[in-house]
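Let's explore a protein together, one question at a time.

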Amino acid sequence: MGRIVILTGAGISAESGLGTFRDEGGLWSQHRIEDVATPEGFARNPALVHSFYNARRVQSAAAQPNAAHHALARLEAANAGEVTIVTQNVDGLHEAAGSLRVLHMHGTLAGALCSQCDHRWTAPPEMVPGHPCPACAGPTARPDVVWFGEMPYHMDEIWDLLRAADVFAAIGTSGQVYPAAAFVQDATRGGAHTIEINLDPSAVVSDFSETRFGKASELVPLWVDEMLRG
Ligand code: BV8
């Protein structure tokens, strides 16, 4: 089966009840990206940004992984060390399903970060402006998520994984946010077989050698069964 890298987006958590960004009624139709997912937006109105992430932190903590998350955990368990999930999602549903090798390139709702001393800790359910950093006591706590214009996490490790991958799968992502949307090209250059599993064709669907359209909770378990049959 070889080395498998799986990129996931909000669509894999949709059937767990967590909103996506760009679907009908999605998060970006309720808030402007500039206001809630940029450092400038946070500087301008920290209360709005904290309330945006507080609501999602509480909701995602109450959500359950679905059959797609469980199938990916099963794939990893059968091939320890060969399966890595790179997720754009900030929820903890892959870990809740039992996945161990998960790289959160856009950070996590569960994390808090001090913008003054870079200290990281587990975020309380609700954060407020001026929330003190437990290390330097500065009023400088923020959600530990990657906003637009900020460098995603784990990029060097991700690029190494993509170059070495035998299979690259993108699941539940619209392919509109970079650098994640370009991962399929990096994997292709490394000789990987690439597959998109998504409800609708993504913005980069033509970059994939294989595409399957439908719900993640239905298609991902089928794909994992095929991969395990070899
Ligand atoms: C970077 C925060 C430099 C956490 C997010 C000008 C100035 C600065 C930067 C840029 C610029 N122009 C372009 C850029 C780059 C920018 C970018 O891409 N902008 C876009 C809008 C054009 N990117 C950045 O700024 C990134 N940093 O570039 O740094 C750099 C340069 C080179 C190399 C390294 C670094 C930072 C991007 C991170 C931004 N933070 N979120 C949070 O609040 O969650 S992005 C946000 O979008 C989320 O993280 C989310 O994960 C991500 C992608 O969205 P998707 O997951 O794809 O979700 P979406 O709703 O879009 O799609 C859902 C899909 O699921 C749909 O296709 C749907 O059909 C499908 N689906 C739905 N239901 C199901 C389903 N599929 C299966 N089953 C279902 N049931």
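Q: Which residues form one aromatic cluster?
A: Keep in mind that this is a predicted model, where local features need pLDDT of at least 70, side-chain atom pairs count only at pLDDT 80 or more, and totals for chains, interfaces and linings use all residues. Residues are numbered from 1 along each chain as its sequence is written, and side-chain values use heavy atoms, with hydrogens and water left out. Rings of Phe, Tyr and Trp (its six-membered ring) pair if their centres lie within 6.5 Å; planes under 30 degrees apart count as stacked, over 60 as edge-to-face and the rest as tilted. The cluster is made of Phe21, Trp28, Phe42, Phe52, Tyr53, Trp147 and Phe148.

Q: How many aromatic pairs does the structure hold?
A: Applying that ring rule, the structure holds a total of 7.
One of them joins Trp28 and Phe52, with ring centres 6.2 Å apart and planes at 25°, so this pair is stacked. It links distant parts of the chain, with Trp28 in helix 1 (residues 27–30) and Phe52 in helix 4 (residues 46–62), 24 residues apart. Helices (H or I, at least four residues) and strands (E, at least two) are DSSP runs, numbered from the N terminus. The count of aromatic pairs is 7.

Q: Is Trp28 buried or exposed?
A: Buried means under 20% relative accessible area, exposed over 50%, and partly exposed in between (1.4 Å probe, protein chains only). The relative accessible area of Trp28 is 17%. Because 17% falls under the cut-off, Trp28 is buried.

Q: What is the relative accessibility of Phe52?
A: Phe52, the stacked partner of Trp28, also has a value under the 20% cut-off. Phe52 therefore counts as buried, at 4%.

Q: What is the angle between the planes of Trp28 and Phe148?
A: These two rings form an aromatic pair with 6.5 Å from centre to centre. Phe148 lies in the loop between strand 6 (141–145) and helix 7 (155–164), 120 residues apart from Trp28 in helix 1. The pair is tilted, and the angle is 55°.

Q: What is the radius of gyration of the protein?
A: The radius is taken over C-alpha atoms, and the globule rule is 2.2 Å times the number of residues to the power 0.38. With 230 residues, a compact globule would have a radius near 17 Å. The protein agrees with this, at 18 Å.

Q: How many helices and strands does the protein have?
A: Counting the DSSP runs gives the answer. The protein has 9 helices and 9 strands.
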